[in-house]
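Biologist: Could you help me take a close look at one part of this model? I would like to follow how the two chains pack against each other, with some context on each chain.

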Amino acid sequence: MVMPYLSSRKFEPRLREIRFTVKRLRSSPLSLAGITIIAAFAIIAVLAPVLAPPADPSRPFNIPRDGFSSEPRPPSREHIFGTTEGQYDIYYGVIWGSRTAFVIGIVVVGASLLLGISAGSISGYYGGRIDNIIMRITDIVFAFPGLILAVAFAVALGRSMESVMLAITLVSWPTYARILRGDILQVKQETYVEASKTLGGSDYWIITRHILPNAIYPLFIVATLDIGSIVLLAAALSFLGIGVPLGYADWGQLINLARNWVVGPPHDPLKYWYTWAIPGAFILLFVLGWNLLGDAFRDILDPKIRRR
Amino acid sequence: MSGDLRSYIIRRLLMVIPVLFGVSILIFSVVQLFNPIERAALFIRSEREAANVEGIIRKYGLDQPIHIQYFTWLSEVLRGNLGWSKVVSKPVLDALVTFLPATAELTLYAAPITILLGIYLGKKAAVHKDKAIDHATRTLAIIGWSMPTFWLAIMLLAIFYGYFGGLFPPDRLSVEASIYVQSGKFIRYTGINTIDALLNGQLWIFVDALRHLVLPTLTLVVVQVALLMRVMRSSMLEALGQGYVVAARAKGLDLKTVIDKHAGRNAMIPVATLSGLLVSGMLSGVVITETVFNYKGVGWWFVRAASQLDIPSVLGFSIFAAVLFVITNLVVDLLYAYIDPRIRLT
């Protein structure tokens, strides 16, 4: 028998909390700014083929070159953001670079979540020896500063878009496994899990139907908001020259190409500003958008200060 | 020392062993991604040996089964043989020792500034929650947190080296200073330029070294301080809401004492756990900062090695970073247990 007041939507606690969260988000100007920035980038990424039509539609991520000389050329009618070292078009690079950023962010978050959820739910639900083994594996990854391990992986895997994403995934999944494990340990104590066990529910049923739905939402939010820092890490790899291959549309790569042109000739020290200022501004804004949203969420979702 | 503290220390020390063992397995697995000739470079110790790769492959059994290879490799690593760094033409361990003082010098300035500034600003923001200073520091924190380290470094270089005509230059020393430092007249006590300059009584070298340190230090501080500030702020907010703070105020203690002595001290506890993260952040930070400013420390060497596929150096530095990080976390945990008795029992 379903008790009417429990099934009534108005009193559904999870829904009420989500409503409260949305209300708080809408009343926070910083989070609105974050959402606006992210939406703008999403539009740029989706409209990339219109904003910067590729010469060869089968390889849209290759930045077109206008000659081969090394000295960058300033913004002109033909190249509205100028060209960087090797005459790569900066405008084309930043527009398609937005798509690269989303691809990296979404693929890495998705893959890390998949790994993290599998490992974390097994670890948290079964406990004991398997839990111990999985947690020691996460300890090993945590023993390295993230950037350094990612560099080591990326060097070993070779220079490509796939190896950048794989390297970052290998570094970031343990965080999600740990978070989920912790949440599951709490949910596992609940009476409804006990009840399902008593009624003969299989482990798979209990994990997918009872435990995950009650433990996974905070993880999804944390992971989504990590897109900013993941893109930052990928940009750092490309900047160091161990990320995507030369000529691939990527913000970090464009700044790498600008490294010899940071300081211009003595009479005009900021002569080549467009080579590093424009791609850098794109990275900063993108990451800022995610972090603004993340910062608002952190305050709202932290139960200790949520309603203060 | 009480019994449970001793048993905690032993338990915590034992936990380090599986982690370091795992680190070695992880690094070894990365090594397996390369072909035997590239792997042979891990064992080479001199130019002479580099000429005889076949000999190395046979000598260290690189054509042997994998578990035997692992133990051969591990025993070499434990004896300090991390292979040959081709980018600087010396053994990896020597390269680490050569480049470490420069990085130590950089963090010697960056870390204390970051910690003091982060705690001060975080506290201020919490005490004046939702006031102008809170919004200002939080906005700065978010921007700092989102700032690509390499881009900040490049902008600082363009402005303070380019625009202001060489005010704060890249590299570690100017040409004249480095010639003097390498001459017989200058004694290298520590390898840390500013300290050696003072010990040698050469004030101009001290000033020269300091001018070269300004921009890399500033970069590291701006990027690191945001995290510290944010944690200090929320920790302080939590402390300010505690009963003992209300009680202290109710008894009539003045606000400053309550903030500094009661809330402030307790708010520091979560911040102290960040020391591990700070070390990790500094290590990642120097990799990028040193590269942009051409500041020849371990980070600069690591990136050069990575971009020229100098595998032994990349792995050697990764092992070094992991060991350093594991030891820092160990020390933090032990200090913690010493300060807070509750931790020993968990």
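Modeller: Happy to! In chain A, 68% of the contacts with a separation of 6 or more are between residues 24 or more positions apart. Please keep in mind that this is a predicted model. Chain A is built from 14 helices and 0 strands, and its C-alpha atoms fill a box of roughly 80 × 45 × 40 Å along the principal axes. Of its 308 residues, 44% are buried.

Chain B has 16 helices and 2 strands. Its C-alpha atoms occupy a box of roughly 80 × 60 × 40 Å along the principal axes, and 40% of its 346 residues count as buried. Taking contacts in chain B between residues at least 6 apart in sequence, 71% join residues at least 24 apart.

Now to the part you asked about. The contact between the chains takes 40 residues from chain A and 40 residues from chain B. On the side of chain A that touches chain B, α6 (128–142), α7 (146–157), α12 (227–239) and α14 (273–301) each supply at least two residues. By class, that side of chain A divides into 30 nonpolar, 6 polar and 4 charged residues.

With 15 residues, α6(A) reaches 21 Å from its first C-alpha to its last, close to the 21 Å expected at 1.5 Å a residue. Its buried residues are A:I134, A:T138, A:I140, A:V141 and A:F142. The cover over these buried residues includes α5 (90–126), α7 and α8 (161–187) of chain A, together with α1 of chain B.

In soluble globular proteins, nonpolar side chains tend to be buried together. Here the largest nonpolar core has 178 residues, and those with the most contacts inside it are A:A150 and A:V151. Helix α11 (residues 203–240) of chain B gives the most to this core, with 17 residues. Domain 1 (3–85) and domain 2 (90–175 + 216–339) of chain B both give residues to this core, so the core lies between them.

Across their boundary, 21 residues of domain 1 are in contact with 21 residues of domain 2 of chain B. On the domain 1 side, the elements that give two or more residues are α1 (3–31) and β1 (84–85) of chain B. The largest share of that side, 11 residues, comes from α1(B). Sorted by class, the domain 1 side has 15 nonpolar, 3 polar and 3 charged residues.

Methods:
Residues are numbered from 1 along each chain as its sequence is written. Chains are lettered from A and ligands numbered from 1 in the order in which they are written. This is a predicted model: local features need pLDDT of at least 70, side-chain atom pairs count only at pLDDT 80 or more; totals for chains, interfaces and linings use all residues. Helices (H or I, at least four residues) and strands (E, at least two) are DSSP runs, numbered from the N terminus. A residue is buried if 20 or more other C-beta atoms lie within 10 Å of its own, exposed if 12 or fewer, and partly exposed in between; C-beta atoms are placed from the backbone. Two residues are in contact if their C-beta atoms, placed from the backbone, lie within 7 Å. Ala, Val, Leu, Ile, Met, Phe, Trp, Tyr, Cys and Pro count as nonpolar, Asp, Glu, Lys and Arg as charged, and the others, Gly among them, as polar. A nonpolar core is a set of buried Ala, Val, Leu, Ile, Met, Phe, Trp, Tyr and Cys residues joined through C-beta atoms within 7 Å. Domain bounds come from an automatic or database domain assignment. The expected span of a helix is 1.5 Å times one less than its number of residues.
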